[in-house]
Amino acid sequence: ADFTPHPRLAKTLERRREAMGEEGGIDWGHAEALAFGSLLTQGVSIRMSGQDVERGTFSHRHAVLNDVETGRKHTPLAQLPDSRGAFEIYNSALSETAVLGFEYGFSTVATDVLTLWEAQFGDFVNVAQPIIDQFIVADRAKWGQDSGVVLLLPHGYEGQGPEHSSARLERFLQLCAEGNMTVAYCSTPAQYFHLLRRQALTRNRRPLVCMQPKSLLRLPQAASQLDALTNGAFQRVIDDPDVARHRDDVRRVVFCSGKLYYDLALATSRNSGVALVRIEELYPWPNDEITRLMARYPAVEQVVWAQEEPRNQGAWTYVQPRLRAS
């Protein structure tokens, strides 16, 4: 009651309260906070670091609030009355090798903690490449260690130049083998919510590389209803919700991930004979789910993969042969 947030931020927090109602509209940062809060009440601790993670690079998180009158800091998730876990979040220096190296090591021994590191932009992980190559992707085979560390990498071509656009999804897919990690690219806040919870609660601890959106953080069409969080589960593949009644008319299935789904789905020139299918988890490859889904489209003549990146980047060289095999 004695805390005064910035007026603009106060409106954002009030919208989050309203989004818990029937009309919904839970955005990305809100879904993340709900995932963290629900885990804390279940006894799972949360540790997060990275450049500007307290606020969120794109002003979407606001995990730490600042009183505009006194300068006092307040971290709501660290003071949940029903919490049985600890919540720690730290803005870290631009020294990605050191910070990610520490978080990786921490995650191997703190098995009851969900440990996350977020790059300010996806390409900032470049400086931490030795930690990825030498430890994260080879920890079980090379060192006999199990890590559940999460890498959150903002990704997407939104006019911010080549260095702030790509998290180099292709590099992680090239490093995938023998179930060494998970690579995901969610398209909704609810999916992100369930992915974080699955990562924290699974017994088979593996690193998670999660491509994070920028334009989807507040896109109304990407918002989720509360029911999708409370009653749903993580879906590795999401079928096109707009073609359920006319599957027999579909001649072309377009697979994609992340924000590109909305670029295609909201296009005014979309053909009714095209189904847009989202692959939310790229590795491990969801072969069985895709096989079952394709059986629902008996008249398909063409199956393609769509992405923002050129063919020698992104998921193209990884996905194309697997789609043909499926």
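**Spaces, sheet and helix contact**

Reader: Which residues line the second largest cavity?
Author: The model is a predicted one, in which local features need pLDDT of at least 70 and side-chain atom pairs count only at pLDDT 80 or more, whereas totals for chains, interfaces and linings use all residues. Residues are numbered from 1 along each chain as its sequence is written, and side-chain values use heavy atoms, without hydrogens and water. A cavity is a set of points on a 1 Å grid over the protein atoms alone where a 1.4 Å probe fits but cannot get out, and lining residues have an atom within 4 Å of a point. On that basis the second largest cavity is lined by F58, H60, E118, P154, Q212, P213 and L217.

Reader: What is the volume of the largest cavity?
Author: Two cavities of 30 Å³ or more are counted, and a volume is the space filled by probe spheres set on grid points joined across faces, edges and corners. The second largest cavity holds about 50 Å³. For the largest cavity, the volume is about 100 Å³.

Reader: Which element gives the most residues to the lining of the largest pocket?
Author: A pocket is an open set with protein on both sides within 12 Å along at least five of seven lines, and the largest pocket holds about 610 Å³. It is lined by 24 residues, of which L13, R16, H30, A33 and P76 are the closest to its centre, and by class the lining has 13 nonpolar, six polar and five charged residues. Helices (H or I, at least four residues) and strands (E, at least two) are DSSP runs, numbered from the N terminus. Both α1 (7–19) and α2 (28–41) supply at least two lining residues, and the most, seven residues, come from α2.

Reader: Where does the largest share of the lining of the second largest pocket come from?
Author: This pocket has about 360 Å³ of space, and among its 21 lining residues R15, R16, G25, D27 and R218 are the closest to its centre. The lining divides into nine nonpolar, seven polar and five charged residues. Two or more residues are given by each of α1 and α2, and the largest share, five residues, comes from α1.

Reader: What is the bridge partner of V237 in β11?
Author: Strands pair if DSSP finds at least two bridges between them, and an open sheet of four strands with mixed pairing has the order β9-β11-β10-β13. β9 (237–238) and β13 (302–305) each have a single partner strand, so one side of each is left without a neighbour in the sheet. Two bridges join β9 to β11 (residues 274–279) in an antiparallel run, and the partner of V237 is I279.

Reader: Which residues of α4 meet α3?
Author: Contact means heavy atoms within 4.5 Å, and the contact of α3 with α4 involves six nonpolar, two polar and no charged residues. From α3 come T97, L100, G101 and Y104, and these meet, in α4, I131, I132, F135 and I136.

Notes
Ala, Val, Leu, Ile, Met, Phe, Trp, Tyr, Cys and Pro count as nonpolar, Asp, Glu, Lys and Arg as charged, and the others, Gly among them, as polar.
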